[in-house]
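Visitor: I have a model open here. Can you walk me through some local details?
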Amino acid sequence: MTEVEHLPARPSWDCRACGDPWPCEPARARLTREHGQVKLAVLMWDFLEEAARDMPHTPASDLFERFLRWTQ
Ligand SMILES: [Zn+2]
C-alpha cells in the first residue's frame with residue numbers, strides 16, 4: 001500500500017496528500033508523535049522561516065498562527 005505522505009508542496013505550502021494548508025491535521029499528529037514539544041517548536045520555527053521566504057506577502061502573524069500556535 002502506497003500512502004502519500006502529508007508533506008508541504010512548495011512554494012504554496014499546501015499539503016501534497018490532502019491539499020489543506022500545511023501542517024494539516026495528519027501532519028500535526030505525526031510531527032507531535034515524532035518530536036517532543038520543545039524540539040517540535042524549534043522545527044516549526046524553521047518551517048515558518050522557510051515558508052516566509054516562499055510567501056513574502058503573507059503576514060507574519062498568519063504564519064505564526066499556522067506554524068506555531070498549535071505546538072503550544
Ligand atoms: Zn495533509
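Visitor: Is alanine 17 buried or exposed, or partly exposed?

Guide: Alanine 17 is partly exposed, because its relative accessibility is 36%. Buried means under 20% relative accessible area, exposed over 50%, and partly exposed in between, with a 1.4 Å probe and protein chains only. This is a predicted model, where local features need pLDDT of at least 70, side-chain atom pairs count only at pLDDT 80 or more, and totals for chains, interfaces and linings use all residues. Residues are numbered from 1 along each chain as its sequence is written, and side-chain values use heavy atoms, with hydrogens and water left out.

Visitor: What does alanine 17 touch, leaving out residues up to four places away in sequence?

Guide: Val4, Glu5 and His6, where contact means heavy atoms within 4.5 Å.

Visitor: Is cysteine 24 buried or exposed?

Guide: Cysteine 24 is buried, since its relative accessible area is 3%. Cysteine 18, at 36%, is partly exposed.
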